[in-house]
Amino acid sequence: MRLKGKVAVVTGGGSGNGRGISLGLAREGAMVAVPDLNLTGAQETCRLIRRAGGKAQAYQADVTAKDAVQALFQQIKTELGEVDVLVNNVGVALFSPFLETTEETWQITVDVNLKSTFLCTQTVAAAMIARGHKGSIVNIASIAGFIGMRGLAHYAAVKAGVILLTKSAALELAPHGIRVNAIAPGIIHTPATHGRVTDPDRLKLYLSNIPLGRVGDPEDLAGAAVYLGSEESSYATGTVITLDGGWIAQ
Ligand SMILES: NC(=O)c1ccc[n+]([C@@H]2O[C@H](COP(=O)([O-])OP(=O)(O)OC[C@H]3O[C@@H](n4cnc5c(N)ncnc54)[C@H](O)[C@@H]3O)[C@@H](O)[C@H]2O)c1
């Protein structure tokens with residue numbers, strides 16, 4: 001058990017990728033805190049973890065607001081102990097042609113994907129430093145942070161921001177023994193993408209880009225999250241693991 005005795009937090013763990021990652025971390029012995037806007041989703045993730053013999057606690061929180069983030073991590077500290085692993089997974093991809101993208105879509109995209117990562121990382125890192133405690137932070141980026149995507153200019157720009165936030169925070173936090181890395185998934189079948197990956201024409205288009213010939217599953221991200229969260233990756237910081245079936249290798 002590579003995370004036995006560790007406290008891990010997976011933001012947005014009430015659905016999709018966050019759920020897959022939460023289950024993976026719990027399987028390795030972590031106590032997993034699952035904050036989500038959708039408490040029912042977070043509770044369902046915790047139920048699945050406990051059914052599999054793991055430990056988890058659900059929280060309802062909006063991780064785009066500083067006060068809420070600070071209150072959330074204070075509550076987690078009180079109830080579960082100090083955080084060892086933070087997975088910044090919350091995110092949203094709203095499809096919109098570039099010329100039609102509104103200021104509101106831009107702002108939501110920045111807040112949910114990037115601001116949340118900034119706020120949670122800053123809060124957790126400050127607490128780790130105050131205690132002289134080492135830890136690992138894992139940000140969920142996207143291959144859209146590396147390559148342009150039609151209908152997702154705002155999302156691609158923000159995910160590129162998540163990647164450079166990862167690298168820059170890694171530099172500043174390394175002297176404190178805090179590692180910051182990212183995972184860049186390709187297309188993964190989650191509630192957010194269900195409509196697209198079950199549309200035969202869309203699926204065909206996706207598969208034409210994926211050398212491994214399949215769409216990913218949230219569980220495909222779990223191994224990398226466990227690796228980056230655990231001491232197995234003790235020499236890795238500021239790096240990005242791409243999990244996309246080979247999409248951007250072309
Ligand atoms: N699914 C994919 O193909 C794919 C590909 C690349 C990257 N990603 C990234 O993976 C992450 C998860 O995506 P998903 O497909 O599982 O999405 P999802 O919509 O299934 O899950 C997102 C979860 O985040 C929660 N959430 C949203 N805003 C929140 C907020 N402000 N505070 C707290 N919780 C909030 C939602 O309630 C939901 O439970 C995102 O960062 C996304 O950009 C997804």
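Biologist: Which residue in β4 is the bridge partner of A8?

Modeller: The partner is V85. Keep in mind that this is a predicted model.

Biologist: What makes β1 and β4 a pair?

Modeller: Pairing needs at least two bridges between the strands. β1 and β4, residues 85-88, have three bridges, so they count as paired. The sense is parallel.

Biologist: How do you know that β1 also pairs with β2?

Modeller: By the same cut-off, at least two bridges. β1 and β2, residues 31-36, are joined over three bridges, so they qualify, again in the parallel sense. In β2, M31 is the bridge partner of V7.

Biologist: Why is the crossover from β1 to β2 called right-handed?

Modeller: The chain leaves β1, passes through helix α1, residues 16-27, and reaches β2. Point the strands away from you; right-handed then means that the path over the helix runs clockwise. This β-α-β crossover is right-handed.

Biologist: What makes both faces of β1 count as covered?

Modeller: Look at the residues on each side of β1, residues 7-10. V7 and V9 lie on one side, A8 and V10 on the other, and all four residues are buried. Buried means under 20% relative accessible area.

Biologist: What about A61 and the ligand?

Modeller: A polar backbone atom of A61 is 3.4 Å from a ligand nitrogen. That is within 3.5 Å, so this pair counts too. The protein covers 88% of the 840 Å² of accessible area that the ligand has on its own.

Biologist: Which residues come nearest to the ligand?

Modeller: S15, D36, Y155, I188 and T190, out of 30 residues around the ligand.

Biologist: How do you know that there are zero disulfides?

Modeller: A disulfide needs two cysteine sulfur atoms within 2.5 Å. For C46, the nearest cysteine sulfur belongs to C120 and is 16 Å away, so C46 is in no disulfide. The count is zero.

Biologist: Why is C46 called buried?

Modeller: Its relative accessible area is 1%. The limit is under 20%, so C46 is buried. C120, at 0%, is buried as well.

Definitions and conventions
Residues are numbered from 1 along each chain as its sequence is written. This is a predicted model: local features need pLDDT of at least 70, side-chain atom pairs count only at pLDDT 80 or more; totals for chains, interfaces and linings use all residues. Side-chain values use heavy atoms; hydrogens and water are left out. Buried means under 20% relative accessible area, exposed over 50%, partly exposed in between (1.4 Å probe, protein chains only). Helices (H or I, at least four residues) and strands (E, at least two) are DSSP runs, numbered from the N terminus. A residue is near a molecule or strand if one of its heavy atoms lies within 4 Å of it. A polar contact is a pair of N or O atoms within 3.5 Å; within protein, one must be able to donate a hydrogen and the other to accept it, and residues adjacent in sequence count only if both atoms are side-chain atoms. Accessible areas come from the Shrake-Rupley method with a 1.4 Å probe; for residues, only the protein chains shown count as cover.
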